[in-house]
Amino acid sequence: MIKSSVNSLYTTVECSRCTICCREPIVPVTDSDLKRICRFLKKTAEQIVRFYSIDEMDYDSESGLWIRFVQGKRAMGLRKRLSRCIFLDDKNNCSIYDHRPMTCRTFPYMIDLDQDNKPLKVKLNKIVNCCCKRKKRSPLEEVIENAKVELEEDSRYYEKVEKWNKQKKPGTMRDFLMFLRLNGE
Ligand code: SF4
Ligand code: SF4
């Protein structure tokens with residue numbers, strides 16, 4: 001576990017570019033992520049995301065990302081092709097790097113923020129066997145700024161999912177994208 005110090009220096013890591021994190025997990029996205037990607041690529045949300053079942057996506061069943069549909073609970077994540085994120089190109093680069101989801105921007109860090117949005121704890125995400133190398137203690141401002149945006153956008157998205165899930169009749173996946181105002185994007 002990486003502990004923060006009084007002078008805001010953290011143990012940072014150097015990515016080895018193994019691309020495991022772009023291949024193994026399903027990447028969950030919010031409506032904010034999707035709007036940015038759709039705008040950049042001029043594609044529809046349906047071309048970018050799929051709705052994954054609880055058997056396909058290893059997340060806490062109580063997590064706010066589960067959406068109630070006629071077919072059961074699903075979570076919205078980036079589509080994959082041949083077991084890779086659709087945006088991982090032939091040279092193993094992210095083809096939407098400047099527009100990638102917030103979770104990709106903060107990985108492999110997990111940052112707990114306090115009520116004033118100051119980092120309480122910085123640790124490494126163990127969802128995949130990340131082989132990044134530990135570096136010396138150094139500032140982590142950009143990742144911390146991204147973690148703040150991620151937290152805000154996740155909260156707003158989870159509120160929308162909660163509202164959707166309270167509807168009397170579960171709708172379809174297309175209805176959900178319309179509900180998020182993503183039908184035209
Ligand atoms: S969007 Fe980019 S960084 Fe994120 S999983 Fe896909 S290829 Fe990797
Ligand atoms: S799993 Fe870790 S080392 Fe591999 S690409 Fe992702 S962040 Fe880099």
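**Close-up views of a predicted model**

**View 1. The surroundings of ligand 1.** Ten names make up the view here: ligand 1 is surrounded by Cys22, Val27, Leu78, Cys85, Phe87, Leu88, Cys94, Ile96, Pro101 and Cys104. Sorted by class, this shell holds 10 nonpolar residues, with no polar and no charged ones. Cys104, one of the residues in the shell, is partly exposed, at 30% relative accessibility. Please keep in mind that this model, like every view below, is predicted.

**View 2. The surroundings of ligand 2.** Around ligand 2 you will find Cys15, Ser16, Arg17, Cys18, Thr19, Cys21, Phe107, Cys130, Cys131 and Cys132. This shell divides into seven nonpolar residues, two polar and one charged.

**View 3. Cysteine sulfurs without a disulfide.** How many disulfides does the model have? The count comes to zero. Cys132 itself is buried, with a relative accessible area of 15%.

**View 4. Arg74, a buried charge in strand β4.** Arg74 sits in strand β4, which covers residues 72–78. Although buried, Arg74 has no salt bridge. Its nearest side chain of opposite charge is that of Glu56, 5.5 Å away, whereas a salt bridge needs a nitrogen and an oxygen within 4 Å. Leaving aside residues up to four places away in sequence, Arg74 touches Phe51, Tyr52, Ser53, Leu65, Trp66, Ile67, Phe69 and Met173.

**View 5. Glu56 and its partner Arg50.** Glu56 does form a salt bridge with Arg50, and their closest N and O atoms are 2.6 Å apart. Both ends are partly exposed: Glu56 has a relative accessible area of 36%, and Arg50 one of 32%.

View 6. Side chains of opposite charge can pair when their charged atoms come close. Here Arg36 and Glu153 meet in a salt bridge, 2.9 Å from N to O. Arg36 lies in helix α2 (residues 31–41) and Glu153 in helix α5 (residues 141–165), so the pair ties together parts that are 117 residues apart in sequence. Arg36 is partly exposed, at 24% relative accessible area, while Glu153 is buried, at 8%.

View 7. One joins the side chains of Lys166 and Glu162, 3.6 Å from N to O. Lys166 is exposed at 63% relative accessibility, and Glu162 is partly exposed at 45%. Elsewhere, salt bridges that share partners link Asp33, Arg36 and Glu153 into one network.

How values were computed: Residues numbered from 1 in each chain as written. Chains lettered and ligands numbered in written order. Predicted model: local features only at pLDDT ≥ 70, side-chain atom pairs only at ≥ 80, totals over all residues. Heavy atoms only, no water. Near = heavy atom within 4 Å. Nonpolar A, V, L, I, M, F, W, Y, C, P; charged D, E, K, R; others polar. Disulfide = S-S within 2.5 Å. Buried < 20%, exposed > 50% of the residue type's maximum accessible area, 1.4 Å probe, protein only. Helix = DSSP H or I, 4+ residues; strand = E, 2+ residues; numbered from the N terminus. Lys, Arg positive; Asp, Glu negative; His and termini not counted. Contact = heavy atoms within 4.5 Å.
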